[in-house]
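Here are some notes to go through with the model open next to you.

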Amino acid sequence: MKMKPFAVNTVIAISLLAGGTTLALAADSEVCDKSAKQAAYNSPGRSEKPMHRLMQTLDLKPGQRKQIRNIVAGQRGELLNKRRALRDIRQKLYRAASRDDYDAAQVKQLIEQQSALAADMTRQRADMMQKIYRQMTPQQQAEFQSMRHRYRHHRG
């Protein structure tokens with residue numbers, strides 16, 4: 001019977017590694033200084049200011065830049081709160097899966113909460129991306145699509 005908690009712990013560990021917990025923990029830690037947060041955010045392959053680079057590459061006009069900044073700023077707080085909630089659920093899930101008195105129903109409930117929150121965050125990011133996309137000219141949209149294709153192709 002010890003295999004079930006081990007399997008769940010393995011799944012949780014993999015999801016934590018894949019979920020970018022370094023960023024989540026660094027972003028929310030009270031003892032973490034700004035340089036440590038920046039180091040976690042600027043892991044290899046991530047630019048220092050991705051939105052700034054995007055705006056420059058697409059040659060966005062000042063009005064477009066302002067609109068896009070407003071869109072992102074309007075979503076930032078809510079996404080940050082959801083990221084914190086997701087971190088809390090992951091921690092609860094880890095604790096629940098590591099207990100001697102393993103409760104499969106509780107683990108299932110936490111997994112469902114985690115999935116629902118992650119799906120909601122993905123939907124919110126997609127909505128935000130659509131709002132940003134609508135601020136672009138057709139030429140900028142084409143260049144943006146090309147950039148996304150290159151990025152995805154590069155990542156594999």
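Which residue caps the N-terminal end of helix 6?

1. **The cap.** Asp103 does: one of its side-chain oxygens sits 3.2 Å from the backbone nitrogen of Ala105. For reference, a polar contact here is a pair of N or O atoms within 3.5 Å; within protein, one must be able to donate a hydrogen and the other to accept it, and residues adjacent in sequence count only if both atoms are side-chain atoms.

2. **Ground rules.** Keep in mind that this is a predicted model, so local features need pLDDT of at least 70 and side-chain atom pairs count only at pLDDT 80 or more, while totals for chains, interfaces and linings use all residues. Residues are numbered from 1 along each chain as its sequence is written, and side-chain values use heavy atoms, with hydrogens and water left out.

3. **Helix 6, length.** Helices are DSSP runs (H or I, at least four residues), numbered from the N terminus. Helix 6 covers residues 104-134, which is 31 residues.

4. **Helix 6, buried side.** Have a look at Val107, Leu110, Gln114, Leu117, Met121, Gln124, Met128 and Ile132: these are the buried residues of helix 6. Buried means under 20% relative accessible area, exposed over 50%, and partly exposed in between (1.4 Å probe, protein chains only).

5. Lys108 and Glu112 pair up at 3.9 Å, N to O; the cut-off for a salt bridge is a side-chain nitrogen of Lys or Arg within 4 Å of a carboxyl oxygen of Asp or Glu. The two are four residues apart in helix 6, so about one helical turn separates them. Lys108 is exposed at 53%, whereas Glu112 is partly exposed at 45%.

6. **Other charged pairs.** The structure has nine salt bridges. Among the residues involved, Glu78, Lys82, Asp120, Arg123 and Asp127 are joined in a network. Arg99 also bridges to Asp101, with closest N and O atoms 2.8 Å apart, and Arg99 is partly exposed at 43%.

7. **Asp59, worth a click.** Asp59 lies in the loop between helix 4 (50-57) and helix 5 (62-98). Its phi is positive, about 55°, although Asp59 is not a glycine. Most residues other than glycine have a negative phi. Asp59 also forms a salt bridge with Lys61, the closest N and O atoms being 3.7 Å apart. Asp59 is partly exposed at 47%, and Lys61 is partly exposed at 47%.

Key: Expected span 1.5 Å × (residues − 1).
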